[in-house]
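Biologist: I would like to learn how to read a protein model step by step, beginning with the whole chain and ending with single side chains. Could we go through one together?

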Amino acid sequence: MASGTSALVDVARLRDRLGDVIVLDATVDRRTGPDGGKVFVSGLDLHTERRIPGAHFADLMAGFSDPAAPFPFTCPSPSRVAAHARDLGVREDSTVVVYDRLTGAWAARLWWVLRTAGITGVRVLDGGLTAWEAAGLPVTDGREPAPAPGNVVARPAAGGFVDLARMKRIADGSDPTPAVCALRRPEYLGTPEHPRSGHIPRTTSLPYADLLGPGNTLSPERTARLAAAHGIRAGDGTVLYCGGAVNAAGLALALHEIGIDDVLLYDGSLAEWRADPALPLVVGPDADAGAEGPG
């Protein structure tokens, strides 16, 4: 899945090419549930409330996830990815620009999912809808008419994800591949008061949120500094995870921008790992994980 091309586009570039590209809104609505936990619902209502003109809604929950999987946001088959891309008008020669209205992690997740199906003409709008509006550019509401069906086909890419079996080997030390958690530091550390909190053994912490600058934009200079401090290098095949491989996709996007493009995502992430009470979790810093870097 390697590529030497930047996956980011700024708002000025998108403004100038708005009629030439397919714009997809990958927003997911994150709410607080009755128990105080996070609940994710379709971002369609948010999309129709305010969106970039010409943008179509890309449903990460129902379309670009596996409906039969036991955990949310599980990547579907390449053929399913391509089918939903065709429904959004994606053609073999299309340039696709993806955005969201939060930190860019949802857009990065769709970028990653499309890449696993071999759909590589995809960019992420740096700063998303926040940057677009901050630049004084217009927004609209409602939904676009359905586009003419595209003709893109799946060409499954090598790599992309690791499974639970591989993650178990990393956790017990039999696989020396470095692994990094992209959740915020308090979530990585966990607390003894919260059962099944903490992180997978032998994994370090580099929160995706720490890479974001003003307006949720990504700075290659900041990413390079933090990656070096955490010992993340090209050629190591580093595994990234989080709660559901969404922030991990954001971290993958940031690392891609500085030439570290051989990372893999643990797709099940902590949603899968925590579901099995037999699998260990570490609360607090991980003495066996190697370099943790600052913070």
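This is a predicted model: local features need pLDDT of at least 70, side-chain atom pairs count only at pLDDT 80 or more; totals for chains, interfaces and linings use all residues.

Biologist: What percentage of the residues in the chain is buried?

Modeller: A residue counts as buried when its relative accessible area is under 20%, and buried residues make up 49% of the 295 in this chain. As for the accessible surface, it comes to about 12600 Å², and 53% of it belongs to carbon and sulfur atoms. Turning to contacts with a separation of 6 or more, 78% of them are made by residues 24 or more positions apart.

Biologist: In which order do the five strands of the open sheet stand?

Modeller: The order is β1-β7-β6-β2-β5, and the pairing is parallel. Strands β1 (8-9) and β5 (56-57) stand at the edges with a single partner strand each, so one side of each is left without a neighbour in the sheet.

Biologist: How many bridges join β2 to β6?

Modeller: Four bridges join β2, residues 22-25, to β6, residues 96-99, and these strands run parallel; one of the pairs to look for is Asp25 with its bridge partner Tyr99 in β6. Strand β6 also pairs in the parallel sense with β7, residues 122-125, over three bridges, and here Val97 stands opposite Arg123 in β7.

Biologist: Which way do the side chains of β6 point?

Modeller: The general idea is that in a regular strand the side chains alternate between the two faces of the sheet. In β6, Val96 and Val98 point one way while Val97 and Tyr99 point the other way, and all of them are buried.

Biologist: And for a helix, how many of the 10 residues of α9 are buried?

Modeller: Helix α9, residues 247-256, is mostly covered, since nine of its 10 residues are buried. Among the buried residues are Ala248, Gly250, Leu251, Leu255 and His256.

Biologist: Lastly, how many positive and negative side chains does the chain have?

Modeller: There are 28 positive and 35 negative side chains, and the centres of the two sets lie 1 Å apart.

Terms used:
Residues are numbered from 1 along each chain as its sequence is written. Side-chain values use heavy atoms; hydrogens and water are left out. Buried means under 20% relative accessible area, exposed over 50%, partly exposed in between (1.4 Å probe, protein chains only). Contact means heavy atoms within 4.5 Å. Accessible areas come from the Shrake-Rupley method with a 1.4 Å probe; for residues, only the protein chains shown count as cover. Lys and Arg count as positive and Asp and Glu as negative; His and the chain ends are not counted. The place of a charge is taken as NZ of Lys, CZ of Arg, CG of Asp or CD of Glu. Helices (H or I, at least four residues) and strands (E, at least two) are DSSP runs, numbered from the N terminus. Two strands pair if DSSP finds at least two bridges between them.
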